[in-house]
Amino acid sequence: TLTTRFERKPSLGGSEMCIRDMAMVVDESTDAKYDRQDEAYIGDHCKRTHQAHMLKFSVRTSSYHMSIMQHALPYFANQTVMDVGAGNGILSLFALQAGAKLVLAVEAPPKGVHLHDLVRAAHAQDGDSAHNMWTRDRLAVVHARVEDVTPGMLREAAPIPVEPRVDTIVSECLGVLLVHERMCETLLEARDRFLKPDGALLPSLGILCRSRLNAARMVHAVGA
């Protein structure tokens, strides 16, 4: 279950402690913390078919859109927003629709390359005839993993002056059973390093629900 409630930092409560405990187990050294076969992971998610399936997941996509638009004030309108793991950029576009002053779309290469097409199209020609004109000077793509991003990289990518911390962070970070893909750790890192003390985080809460069931055939098949 995804709750789209906004909360002020800190916002993940007990769930945060579980995630942090898990992160500490693997954090035997700084270099090893994010050694997760990133190239294979990113390469798989970069496939257009994978991105198309995510966009067609109407329940998830529409839930994010509805929440962002409903909370345009005060969390998006005229605010600086960071989209963590921006992927195809759909949440970045939603944030711009909600009136964000600037969206920093952070995505590891090569997937972030596709987002540059939007930026280039907005600057391809002068006047109202340019494609994606409404994103001009409002969308910046940062080609890096969040763990590698520095304030200098944000300043270099942004078309306007930007502070080292943002007003709002959004992310489509929820894998199977919330923690699959380990994007929750990445979201926490972005929150701790780049979110203002009074900033907002979306999503801010995840709830796992379970129920008992009677599946004798399945138990028999697994046992066999």
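**Entry 1: one residue.** I found V103 in strand β4, residues 102-107. Strands (E, at least two residues) and helices (H or I, at least four) are DSSP runs, numbered from the N terminus. The model is predicted, so local features need pLDDT of at least 70 and side-chain atom pairs pLDDT 80 or more, while totals for chains, interfaces and linings use all residues. Residues are numbered from 1 along each chain as its sequence is written, and side-chain values use heavy atoms, without hydrogens and water.

Is V103 buried or exposed? V103 is buried, with a relative accessible area of 0%. Buried means under 20%, exposed over 50%, and partly exposed in between, with a 1.4 Å probe and protein chains only.

I listed what V103 touches, leaving out residues up to four places away in sequence: V81, D83, S92, A95, L96, R138, L139 and A140. Contact means heavy atoms within 4.5 Å. I also checked L91: it is twelve residues from V103 in sequence and 9.6 Å away, C-alpha to C-alpha.

**Entry 2: two helices.** I turned to α4 (residues 58-70) and α6 (residues 90-97). Their axes, lines fitted to C-alpha atoms over the stretch in contact, come within 9 Å and cross at roughly 25°. The contact uses T61, Y64, H65, I68 and M69 of α4, and I90, L91, F94, A95 and Q97 of α6.

**Entry 3: the whole protein.** I noted ten helices and eight strands. Of the 224 residues, 41% are buried.

Key: Axes are lines fitted to C-alpha atoms, for helices over the stretch in contact, and angles run from 0 to 180 degrees between N-to-C directions.
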